[in-house]
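This text walks through one protein model, from particular residues to the chain as a whole. Keep the sequence and the 3D view at hand while reading.

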Amino acid sequence: MTRLHAEDSKRAASVSGAYACPDRLRILEVSGSAAGGMRAHVAECVRILADAGHDVIVEAPADVLAGADFGQARTESLTIGARPTPGDGAVVARLRRLGRRADVVHAHGLRAGALAALALGRRRPGRARLVVTIHNQPVGGRLTTAVGDRLEQLVATRADHILAVSPDLAERQRSRGAQRVDLAVIPAPRRDDRNLAPRASSVESAWRGASTRLLTVARLAPQKGLELLLDTAALVAAQAADGSGRTTDLAWAVAGEGPGRAAAEARIRAESLPVNLLGRREDVPALMEAADVVVQTSLWEGQPITLQEALQAGAAIVATDVGGTAATARGGAILVPPQPQALADAITGLLRDAEARDRVRERARRAAERLPDGGDLAAQLEAVVVHR
């Protein structure tokens, strides 16, 4: 017996021991690479299921597990990267061994879902039920898209139930013959605002004294439309200097970190754009309340957490109409195509019309009242994952 097989045999035995109580479901939660809202959602699902008395074990990359609150569930590191690797065979073998002792396997992400589907095989009596939550669509070149199509097809044909974070993802799975598909419930996590700096300090550090305040909260990555944001910032700055006299003192604060920071900083300096990169911030609700306009420039979104937070803050919101943004906004935001001029015109229109801003803020507050919460997610997990 190889060392890897021996370690997995011990792990499977420990899983079986953890699943000893016959009154509990044995649930294996599996996640691939996850950050931000997806990582928070995985942790919330795990906590809800464990708190309901089920035996839950989490298999996910170490950086997903680190620092996250999984409640009473057990966690074990399992490397599932964003792209296929030679190690995927060992991942499938491990999930196959663990899956034999599970009642349900709940996988998060297309890669994790596809590997779990390979491990469990086709739908058949006695096989653990497979539930897959799809959080993103395949984005990239022709090869990436082709691989993504194959993974989606595999998940569609082998999963018992698919939860998709946006209507377009749900429709893609239905078109591939998925048996059961529903829109995933993604509640906005509540931020802990205790021990934060005073609001005045947050405002000063974000906008550095500017009287006109724009805000974006996003990871600095291609999907979030960072280039689109900078293109729009150039147009807004030009419009602010066109003689209107009301928006000349303007700053656009961007809260978030990511691989696009260096390139963005270089462009901001080269073009003297009125954009402040803040890095990661914990005072996002205070920033949203203080902003004149909150802007989302994403090229695709599922159910954006930051949009939900902006609704809860009663912000005047301008967002790109992509993916699940409209479904999430529930009429509480101005939605435009992902084009610089469309964004700039909507932003400038709100900056020049205080009454219009107030109307959009009121729409946001009403939409926030209809956002899903943890109880809604618990009900969906009971219906789809537990599925007694």
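Leaving aside neighbours within four places in sequence, V155 is in contact with L110, G113, A114, V132, I134, I162 and Q173, where contact means heavy atoms within 4.5 Å. V155 is found in helix α6, residues 142-158. Helices here are DSSP runs of H or I with at least four residues, strands are runs of E with at least two, and both are numbered from the N terminus. The relative accessibility of V155 is 0%, so V155 counts as buried. Buried means under 20% relative accessible area, exposed means over 50%, and partly exposed is in between, using a 1.4 Å probe and protein chains only.

The model is predicted, so local features need a pLDDT of at least 70 and side-chain atom pairs count only at pLDDT 80 or more, while totals for chains, interfaces and linings use all residues. Residues are numbered from 1 along each chain as its sequence is written, and side-chain values use heavy atoms, with hydrogens and water left out.

The pLDDT is the predictor's confidence in each residue, from 0 to 100. Its average over the protein is 89, and 89% of the residues score at least 70. Over residues 1-22 the pLDDT stays under 50, and for this stretch the model has 30 contacts beyond four places in sequence. The protein has 388 residues, of which 53% count as buried. Its secondary structure comes to 16 helices and 13 strands. Of the contacts with a separation of 6 or more, 70% are between residues 24 or more positions apart.

Helix α16 (residues 374-386) can be followed from its start. D373 caps the N-terminal end of α16, with a side-chain oxygen 3.0 Å from the backbone nitrogen of G375. The buried residues of α16 are L377, Q380, L381, V384, V385 and V386. An α-helix has 3.6 residues a turn, so residues three or four places apart point the same way. What covers the buried residues of α16 includes the helix α2 and the strands β1 (26-31), β4 (104-108), β5 (129-134), β6 (161-164) and β7 (181-183). Just after α16, H387 takes a positive phi of about 50 degrees.

How do the axes of α2 and α16 cross? The axes of helix α2 (residues 36-51) and helix α16 come within 10 Å and cross at roughly 70 degrees. That makes α2 roughly perpendicular to α16. The axes are lines fitted to C-alpha atoms, for helices over the stretch in contact, and angles run from 0 to 180 degrees between N-to-C directions. Angles of 65 to 115 degrees count as roughly perpendicular. On the α2 side, H41, E44, C45, I48 and L49 meet G374, L377, A378, L381, V385 and V386 in α16. By class, this contact has eight nonpolar, two polar and one charged residues. Ala, Val, Leu, Ile, Met, Phe, Trp, Tyr, Cys and Pro count as nonpolar, Asp, Glu, Lys and Arg as charged, and the others, Gly among them, as polar.

R94 lies in helix α4, residues 88-99. Its relative accessibility is 10%, so R94 counts as buried. A polar atom of the R94 side chain lies 2.8 Å from the backbone oxygen of S77. E301 is in the loop between β11 (293-296) and α12 (305-312). With a relative accessible area of 6%, E301 is buried. The side chain of E301 makes a polar contact with the side chain of K224, at 2.7 Å. A polar contact is a pair of N or O atoms within 3.5 Å; within protein, one must be able to donate a hydrogen and the other to accept it, and residues adjacent in sequence count only if both atoms are side-chain atoms. Not counting residues up to four places away in sequence, E301 touches S166, Q223, K224, Q296, V322, G323, G324 and T325.

Backbone angles are the last topic. Most residues other than glycine have a negative phi. S272, which is not a glycine, has a positive phi of about 50 degrees. S272 sits in the loop between α10 (261-271) and β10 (275-279), and is exposed with a relative accessible area of 63%. R330, also not a glycine, has a positive phi of about 55 degrees. R330 lies in the loop between α13 (325-329) and β13 (334-336), and is partly exposed at 30% relative accessible area.

Conventions: Parallel < 35°, antiparallel > 145°, perpendicular 65-115°, else oblique.
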